[in-house]
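Hi there,

I am handing this structure over to you, and my notes on it follow below. Could you have a look at it when you get a moment?

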Amino acid sequence: MDDAVPETPPVAEEEPAYDPAGPAPLNVPRTPTGDAGVDAALDRLGDADHLATDGHLEVYEDVHRGLRDALTALDALDVRPGPPVPPMPHAPRS
C-alpha cells in the first residue's frame, strides 16, 4: 500500500468577468503642443485610462479647467499668434 497523498492539480485562476464600466485604456495619442500648461492638462487625460467610467468625469473636469486657465492666461497677455488673417474676398455676384 502506498500511504502517499496524491497531489491535487493546481487550481487555474479564473479570469475576471468582463466589466464594461471597468478601466480600459483608450490609447488616444496625445501630441505635445509646446505649451507646458496645455501639455500637462492633456497628459492628465491618461489618468482616465486607469479609472472606471464613473471616475472619468473628475479627470475631464480637471483637464477642462486646466485648458480654460491656459486660454484665460493667453487672453490676459493679449497674445495673438501669427500674422493677421487677410480679409475674405467678395464672392462674385451672378
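Let me start with Val28, which is partly exposed, with a relative accessible area of 48%. Here buried means under 20% relative accessible area, exposed over 50%, and partly exposed in between, with a 1.4 Å probe and protein chains only. Val28 sits in the segment before helix 1 (36–44); helices (H or I, at least four residues) and strands (E, at least two) are DSSP runs, numbered from the N terminus. The C-alpha atom of Val28 is separated by 8.6 Å from that of Gly46, although the two are 18 residues apart along the chain.

A word on the source: this is a predicted model, in which local features need pLDDT of at least 70 and side-chain atom pairs count only at pLDDT 80 or more, while totals for chains, interfaces and linings use all residues. Residues are numbered from 1 along each chain as its sequence is written, and side-chain values use heavy atoms, with hydrogens and water left out.

Now for the overall picture. The chain has two helices and zero strands. Of its 94 residues, 13% are buried. Its accessible surface comes to about 8800 Å², and carbon and sulfur atoms account for 60% of that; areas come from the Shrake-Rupley method with a 1.4 Å probe, and for residues only the protein chains shown count as cover. Taking contacts (heavy atoms within 4.5 Å) between residues at least 6 apart in sequence, 35% join residues at least 24 apart.

Val28 comes up again on the surface, where it forms a nonpolar patch with Leu26 and Tyr60. Together the three have about 300 Å² of accessible area. Patches are made of residues with over 30% relative accessible area and no salt bridge, like charges being joined within 9 Å and nonpolar side chains (Val, Leu, Ile, Met, Phe, Trp, Tyr) within 5 Å.

Next, helix 1. Its buried residues are Val38, Asp39 and Ala41. Seen down the axis of helix 1, these fall within an arc of 160 degrees, so they line one face of the helix; the arc is that of the directions from the helix axis to the C-beta atoms. Helix 2 is part of what covers them. On the face turned away from the buried side, helix 1 carries the exposed residues Ala36 and Asp43. The N-terminal end of helix 1 is capped by Asp35, which has a side-chain oxygen 3.0 Å from the backbone nitrogen of Gly37.

Then there are the charged pairs. Side chains of opposite charge can pair when their charged atoms come close. The structure holds three salt bridges, each being a side-chain nitrogen of Lys or Arg within 4 Å of a carboxyl oxygen of Asp or Glu. They link Arg44, Asp47, Asp62 and Arg65 in a network.

- Asp47 meets Arg44 at 2.7 Å, N to O. Asp47 counts as partly exposed at 36% relative accessibility, and Arg44 is partly exposed too, with a relative accessible area of 22%.
- Asp62 pairs with Arg44, the closest N and O atoms being 2.6 Å apart. Because Asp62 lies in helix 2 and Arg44 in helix 1, this pair ties together parts that are 18 residues apart in sequence.
- Asp62 also meets Arg65, at 3.8 Å, N to O. Being three residues apart in helix 2, Asp62 and Arg65 are separated by about one helical turn. Asp62 counts as partly exposed at 29% relative accessibility, as does Arg65 at 40%.

Finally, please look at His56 in helix 2, which spans residues 56–77. His56 is buried, with a relative accessible area of 13%.

Best wishes

Terms used:
Polar contact = N/O pair within 3.5 Å; in protein donor to acceptor, adjacent residues only side chain to side chain.
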